[in-house]
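Here's a quick briefing to read alongside the model.

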Amino acid sequence: MTATGTAVRPTVPASRRISGVGLATASGVAVAVQSRINGELGVRLADGIAAAVVSFGLGLLVLVVLVPNVPGGRRGLRELRAALGAGSLRPWQCLGGVCGAFLVATQGLTIGTLGVAVFTVAVVAGQSASSLAVDRAGVGPAGRQPVTTARLAGAVLTVLAVLLAVGDRLGDPRTLALAALPLLAGVAIAWQQAVNGRVRAATGSALTATLVNFTVGTVALLATFAVEVAVRGRPAGAFPGEPWLYLGGPIGIVFIAIAAAIVRFTGVLLLGLATIAGQVVGAVLLDLLLPTAASRPGPATLAGAALTLVAVLVAALGPTPRR
């Protein structure tokens, strides 16, 4: 406690920040894989919203079975009820799943046309700027974090890197119009990571925070899908037989759980930048190894991916901001 009675938060060790960056980067690669899966599922079903419902719904089923059967999950559910009852956790802080649902819906709606790399640049542009604002406002569990030179430089370099990676695709007006959806999803991701971190801090369980995220997201998607069916009718596509097309939900569980667990060590911006690095690297590898009609990897894409990693290191290795 300080002389004025205000608690001073302990400084997070650099080793924990670096470990958190590594985990976030790996989860970003998983997000790129999830994007390709949900994008392909959206093409097969001829409906991106239906693909998002399938992805989120399967993830929710896994969590409904898993969380009550894990001691930490049961304890987290009890803590969740207690935190909501006491007011230490506000109901609006449990709505991060709406943002996740929007991101997954944009995967199914746009990746078949944009490709994973262009989808990623749009998400990155929104996420980088939004993460700075969310950290500055103190929405996440790490509290208010000032916009230091290293953090600002990392965010700017990240946007420049992904623009370099897919710059040859951004001259198409149709691409720019369609990219507005993942751009908005990127803005929402930073807020989602912050409030999911709050839920994790209140419950002491990343699994419980992930369950809350998937429950809210699934409800939002089902409501959207019901309206879509009422207006346009049922999707024209059929459910594909390949099992791998249904792995988007389980991959999302891993991503959300990791983000909720480590955001208190990294802050929202650094978590976002590391995730972005993984997304860009994963997107490049997917477009190189498993190309589609929408993917056009080249030297600029590889250079942009490398610059993205540099941007994350700049933000990660800078001095720890004082809260």
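**The nonpolar patch and the overall fold**

L285 is found in helix α10. Keep in mind that this is a predicted model. The protein chain has eleven helices and zero strands, and buried residues make up 52% of its 323 residues.

**Around L285**

- L285 counts as partly exposed because its relative accessibility is 43%.
- Together with L288, L289, L290 and L302, L285 makes a nonpolar surface patch of about 500 Å².
- Which helix gives the most to this nonpolar patch? That's α10, with three residues.

**Fold at a glance**

- Reading from the N terminus, the elements of the protein chain go α-α-α-α-α-α-α-α-α-α-α.
- Helix α1 covers residues 14-45, and helix α3 covers residues 71-86.
- Further along come α8 at residues 180-203, α9 at 206-232 and α10 at 248-289.
- Helix α11 takes in residues 299-316.

**Salt bridges**

- As background, side chains of opposite charge can pair when their charged atoms come close.
- How many salt bridges does the model have? The count comes to three.
- One of them pairs E40 with R44, with the closest N and O atoms 2.9 Å apart.
- E40 and R44 are both in helix α1 and sit four residues apart, so about one helical turn separates them.
- R44 also has a salt bridge to E242, and here the closest N and O atoms are 3.1 Å apart.
- Since R44 lies in helix α1 and E242 in the loop between α9 and α10, this pair ties together parts that are 198 residues apart in sequence.
- On accessibility, E40 is partly exposed at 25%, R44 is partly exposed at 31%, and E242 is partly exposed at 28%.
- Then there's E228 with R232, whose side chains meet in a salt bridge at 3.2 Å, N to O.
- E228 and R232 are four residues apart in helix α9, so they too are separated by about one helical turn.
- Is E228 buried or exposed? E228 is buried, because its relative accessible area is 11%, under the 20% cut-off.
- R232, by contrast, counts as exposed at 62% relative accessibility.
- Back to the shared partners: salt bridges join E40, R44 and E242 into one network.

**Aromatic pairs**

- The structure holds two aromatic pairs.
- One of them is W92 with W191, a stacked pair at 6.3 Å centre to centre with 25° between the planes.
- Which parts of the chain does this pair tie together? W92 lies in the loop between α3 and α4 (96-114) and W191 in helix α8, so the parts joined are 99 residues apart in sequence.
- W92 is partly exposed, with a relative accessible area of 41%.
- W191 counts as partly exposed too, at 26% relative accessibility.

**The positive patch**

- R74, R75, R78 and R81 form a positive surface patch.
- Where is R81 found? Look for R81 in helix α3.
- R81 counts as exposed because its relative accessibility is 57%, and the cut-off for exposed is over 50%.

- P299 has its place in helix α11.
- With 72% relative accessibility, P299 counts as exposed.
- P299 and L164 are 135 residues apart along the chain, while their C-alpha atoms are separated by 9.8 Å.

How values were computed. Residues numbered from 1 in each chain as written. Predicted model: local features only at pLDDT ≥ 70, side-chain atom pairs only at ≥ 80, totals over all residues. Heavy atoms only, no water. Patch = residues over 30% accessible without salt bridge, like charges linked within 9 Å, V, L, I, M, F, W, Y side chains within 5 Å. Areas by Shrake-Rupley, 256 points an atom, 1.4 Å probe, with all protein chains shown as cover. Salt bridge = Lys/Arg side-chain N within 4 Å of Asp/Glu carboxyl O. Lys, Arg positive; Asp, Glu negative; His and termini not counted. Charge placed at Lys NZ, Arg CZ, Asp CG, Glu CD. Helix = DSSP H or I, 4+ residues; strand = E, 2+ residues; numbered from the N terminus. Buried < 20%, exposed > 50% of the residue type's maximum accessible area, 1.4 Å probe, protein only. Phe/Tyr/Trp six-rings, centres within 6.5 Å; stacked < 30°, edge-to-face > 60°.
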